[in-house]
Amino acid sequence: MDVPFKLEVIALTTVIIKLGVSLFPYSGKNNPPMFGDYEAQRHWMEITVNLPIQDWYRNTTDNDLLYWGLDYPPLTAYHSYLTGLMAKKINPDYVNLLASRGFESPNHQFFMRMSVLVSDCLFFISALYFYIKNLKMDNKYKWVFFALCSHPGLTLIDYGHFQYNSVSLGLALWAIIFVSKGRNLWAAVAFSAALNFKQMELYHAIPIFFYLLASCHRKASTLMSQLVNLIKIGVVTLATFALIWYPFLQLHDGLLQQVLSRVFPFNRGIFEDYVANFWCTLNVLVKIRRILEPTSIASYCLLLTALFSFPCGLHLYFKNSLRNLHLCLINVSLAFFLFSYHVHEKSILLVTLPVSIASPYFPFTAFWFLSISHFSMLPLYAKDDLILPAGAVLALYCLLANSSLKLEMGRSMQFKCLAGISAIGSAVLALLFLICPNPPAYPYLWTLLVSVWSFAHFSVFFAYFLYVQFWVGSQSLKLKMQ
């Protein structure tokens with residue numbers, strides 16, 4: 001069996017697993033009045049196909065922003081519009097204005113599931129296949145790499161909880177592919193599109209910026225040619241933004257400010273639910289939101305995020321390489337997750353992308369991180385009745401990626417002990433969360449412990465990845481899959 005066929009088989013297996021998750025309930029099923037993220041995606045189709053563009057982000061009689069108002073950039077709205085047009089053509093009841101709220105029919109569910117699959121194949125799976133197929137890696141490990149990158153968290157959130165994260169992550173991966181090929185202008189277009197699909201792609205913006213900036217100097221011999229390269233990237237980036245935002249720039253009455261206030265909702269708090277980051281963990285000991293004003297909290301978030309992010313970006317600028325780009329993407333996105341403002345549990349998916357593509361350097365470490373990322377969203381899976389598929393997908397993931405476990409298990413006994421303690425602790429905590437009721441005095445005890453346990457892991461991983469970027473030389477960090 002040749003390697004392309006193997007990659008196609010593992011890609012097909014990945015698609016089948018994703019479709020299997022689609023058979024389970026989605027967020028908010030049969031749970032009025034707000035339902036869940038499935039209804040949010042459907043509602044955005046309803047709004048965009050029925051209302052003029054100036055009302056997409058505005059609170060009106062027909063668009064109650066308190067009922068799943070659009071809060072992502074325009075490219076998400078355009079995606080909802082195109083998907084909504086197809087929904088309307090199939091059955092107008094899917095997107096009838098106001099009357100379709102909470103619409104849940106088997107045919108509509110099939111349509112929505114297929115819209116996620118098509119989006120995933122067009123953007124993420126295609127990018128992943130192209131990226132891996134062109135890697136300079138021993139062919140026998142390429143399918144292992146594909147399995148590592150097809151981690152369970154993204155599958156459960158997009159196909160179970162129900163979102164389209166694969167679009168923005170796929171566009172970001174295409175940007176990484178383009179920079180690896182020296183196609184910097186195309187990289188600027190792809191990443192600008194990713195950022196305009198989901199604003200959380202800011203997690204990846206600093207590394208992409210510094211890499212492209214450094215590449216302008218690396219490829220040009222004179223100051224003028226360096227400046228020309230930089231101007232080209234800037235013009236292409238601005239043109240992409242202008243094209244996407246053009247309808248909103250043409251309209252007046254404060255529409256642009258309204259869209260920006262929806263995309264960056266500073267009034268929604270520092271974090272949502274029990275997310276495994278620094279602020280949520282600190283809040284156990286110090287009630288931050290009681291002693292600090294929202295503006296002060298946002299300032300501290302910005303300060304800490306910048307403190308950990310910009311040194312990584314500057315290191316990438318002065319030591320510009322694809323290896324350092326991968327590590328910088330990991331460290332900056334993890335800094336954003338741990339320290340930035342208004343973080344969701346699902347935001348860890350922004351970190352899993354660079355960890356996945358850097359996994360040939362540390363396959364078992366990547367597998368460990370991706371598994372903990374999956375575990376950190378356990379309360380979210382439980383809320384959506386996705387525990388069974390979450391466990392099944394994790395088991396299949398372990399099976400597909402089993403070869404990666406052997407590549408780094410030659411490490412020290414201390415490393416093996418740490419991994420064993422982590423796995424046992426996570427399993428015990430998961431059982432306690434699922435089986436034991438919370439004490440009456442602490443109704444969210446197990447959820448909080450899952451969050452704190454995951455944060456402890458992410459903190460250690462952050463320290464490790466910072467060490468690798470700054471102190472492990474390029475020659476020392478060798479591919480394990482080669």
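Modeller: What follows starts with a helix pair and then moves to cysteines, loops and backbone details.

This is a predicted model, in which local features need pLDDT of at least 70, side-chain atom pairs count only at pLDDT 80 or more, and totals for chains, interfaces and linings use all residues. Residues are numbered from 1 along each chain as its sequence is written, and side-chain values use heavy atoms, with hydrogens and water left out.

Two packed helices are described by the angle between their axes and the distance between the axes. The pair here is helix 15 (residues 322–339) and helix 16 (residues 349–357). Helices are DSSP runs of H or I, at least four residues, numbered from the N terminus. The two axes come within 8 Å and cross at roughly 160 degrees. Each axis is a line fitted to C-alpha atoms over the stretch in contact, and angles run from 0 to 180 degrees between N-to-C directions. Helix 15 is therefore roughly antiparallel to helix 16, a term for angles over 145 degrees. The crossing of helix 15 and helix 16 is left-handed. That term applies if the near helix is turned anticlockwise from the far one by less than a right angle.

Which residues meet in this pair? Helix 15 brings H326, L329, I330, S333, L334 and F337. Helix 16 answers with L350, V351, P354, V355 and I357. Contact means heavy atoms within 4.5 Å. The residues of this contact divide into nine nonpolar, two polar and no charged. Here Ala, Val, Leu, Ile, Met, Phe, Trp, Tyr, Cys and Pro count as nonpolar, Asp, Glu, Lys and Arg as charged, and the others, Gly among them, as polar.

Now the cysteines. A disulfide is a pair of cysteine sulfur atoms within 2.5 Å. By this rule the count is zero. For C312, the closest cysteine sulfur is in C328, 5.4 Å away, so too far for a bond. For C216, the closest cysteine sulfur is also in C328, but at 16 Å, again too far for a bond. C312 is buried, at 1% relative accessible area. C216 is buried too, at 3%. Buried means under 20% relative accessible area, exposed over 50%, and partly exposed in between, with a 1.4 Å probe and protein chains only.

Two other buried residues have listed contacts. Q199 lies in the loop between helix 8 (184–197) and helix 9 (205–219). Its relative accessibility is 10%, so Q199 counts as buried. Leaving out residues up to four places away in sequence, Q199 touches D71, Y72, P73, V263 and F264. L128 sits in helix 4 (residues 106–133). L128 is buried, at 1%.

Last, the backbone. The peptide bond from P32 to P33 is cis, with omega near 5 degrees. P33 belongs to the loop between helix 1 (3–22) and helix 2 (37–50). W68 has phi near 55 degrees, a positive value in a residue other than glycine. W68 is in the loop between helix 2 and helix 3 (74–90) and is partly exposed, at 23% relative accessibility. F162 also has a positive phi, near 95 degrees. F162 lies in helix 6 (residues 152–162) and is buried, at 0%.

Notes
Parallel < 35°, antiparallel > 145°, perpendicular 65-115°, else oblique.
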